[in-house]
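Biologist: I would like to go through this entry feature by feature. Please give the general idea each time, then the case at hand.

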Amino acid sequence: MLIQPVEDLLSRNADHYLIPADVVANVQTDNNLYHAFLVLTKVKYSKIPVLDHGGHFEGLVSLPLITEQMLVFDQLNTEILLQKRVCDVMETQVKTVHDVDDVEETLHLMIDNPFVPVVDEQQIFQGIVTRREFMKSFNFLTHEIGKQYDMIEKDFSTSEKAK
Ligand code: AMP
């Protein structure tokens, strides 16, 4: 569990660290891989969300997943990208959060992932929380905590731990 002052300060900034769905680059499940390859190349991100036509979050697609499909006997075959769809190769076992205020869960997921997708109860995609945005909040926390709380160092000198 996070200690209360840390949780409070991070939650206060939670709205700022969500990148809203309308500015997150994405592709659709039925797009072909050629389209996904162009989008990824253009936006310069290696991994982006995949949505269906109803705006539901379905998974993630990355450049390595696509280039793997192009590799046939050590040759790059771009033709294959027109034949396959995003839903054929996308990563589907993706952990999401429902609430950006759930700082602890988001933090845990960001240890292994550069960003965490946020969805509502109906799995409608709301946006992403990125490590970068989260680090800005962490920076805010490190500066603010001393201004808003008195912190007293515990004295372990006589305890078992210190021996
Ligand atoms: P950052 O922490 O800003 O480097 O972002 C981490 C990752 O989040 C990037 O590598 C992308 O995979 C993803 N990402 C960040 N911003 C966007 C965006 N606007 N659209 C799509 N994906 C994004």
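Biologist: Is Asn31 buried or exposed?

Modeller: A word on the source before that: this is a predicted model. The general idea is a cut-off, since buried means under 20% relative accessible area. Asn31 has a relative accessible area of 18%, so Asn31 is buried.

Biologist: Where does Asn31 lie?

Modeller: Asn31 is in the loop that runs between strand 2 (27-28) and helix 3 (33-43).

Biologist: Now the backbone angles. What is the phi of Lys44?

Modeller: Phi of Lys44 is near 65°, a positive value in a residue other than glycine. Lys44 belongs to the loop between helix 3 and strand 3. With a relative accessible area of 71%, Lys44 is over the 50% cut-off and therefore exposed.

Biologist: What is the phi of Phe73, and where does Phe73 lie?

Modeller: Phe73 is not a glycine either, and has a positive phi of about 45°. The loop that holds Phe73 lies between strand 5 (71-72) and strand 6 (75-76). The relative accessible area of Phe73 is 79%, so Phe73 counts as exposed.

Biologist: Next, the ligand. How many residues surround the ligand, and which are the closest?

Modeller: The shell is read by distance: a residue is near a molecule if one of its heavy atoms lies within 4 Å of it. In this model 13 residues surround the ligand, and the closest are Val23, Ala25, Lys47, Phe115 and Arg132. By residue class, the shell divides into nine nonpolar, one polar and three charged.

Biologist: Which elements each supply at least two residues of that shell?

Modeller: Strand 3 (47-51), strand 8 (125-130) and helix 8 (131-148) do.

Biologist: Where does the ligand sit?

Modeller: The ligand sits in the largest pocket.

Biologist: Last, distances. What separates the C-alpha atoms of Ser11 and Asp102?

Modeller: Sequence separation and spatial separation are read side by side. Ser11 and Asp102 are 91 residues apart along the chain, and their C-alpha atoms are separated by 7.9 Å. Ser11 lies in helix 1 (residues 4-12), and at 23% relative accessibility Ser11 counts as partly exposed.

Biologist: What separates the C-alpha atoms of Leu71 and Asp101?

Modeller: That pair is 30 residues apart along the chain, with 42 Å between the C-alpha atoms. Leu71 is part of strand 5, and Leu71 is partly exposed at 49% relative accessibility. Asp101 is in the loop between helix 6 (86-89) and helix 7 (103-112), and is partly exposed at 40%. From Asp101 to Asp30, 71 residues apart along the chain, the C-alpha separation is 32 Å.

Note on methods: Residues are numbered from 1 along each chain as its sequence is written. This is a predicted model: local features need pLDDT of at least 70, side-chain atom pairs count only at pLDDT 80 or more; totals for chains, interfaces and linings use all residues. Side-chain values use heavy atoms; hydrogens and water are left out. On a 1 Å grid over the protein atoms alone, a cavity is a set of points where a 1.4 Å probe fits but cannot get out, and a pocket is an open set with protein on both sides within 12 Å along at least five of seven lines; lining residues have an atom within 4 Å of a point. A molecule sits in a cavity or pocket if more than half of its atoms lie within 2 Å of its grid points. Helices (H or I, at least four residues) and strands (E, at least two) are DSSP runs, numbered from the N terminus. Ala, Val, Leu, Ile, Met, Phe, Trp, Tyr, Cys and Pro count as nonpolar, Asp, Glu, Lys and Arg as charged, and the others, Gly among them, as polar. Buried means under 20% relative accessible area, exposed over 50%, partly exposed in between (1.4 Å probe, protein chains only).
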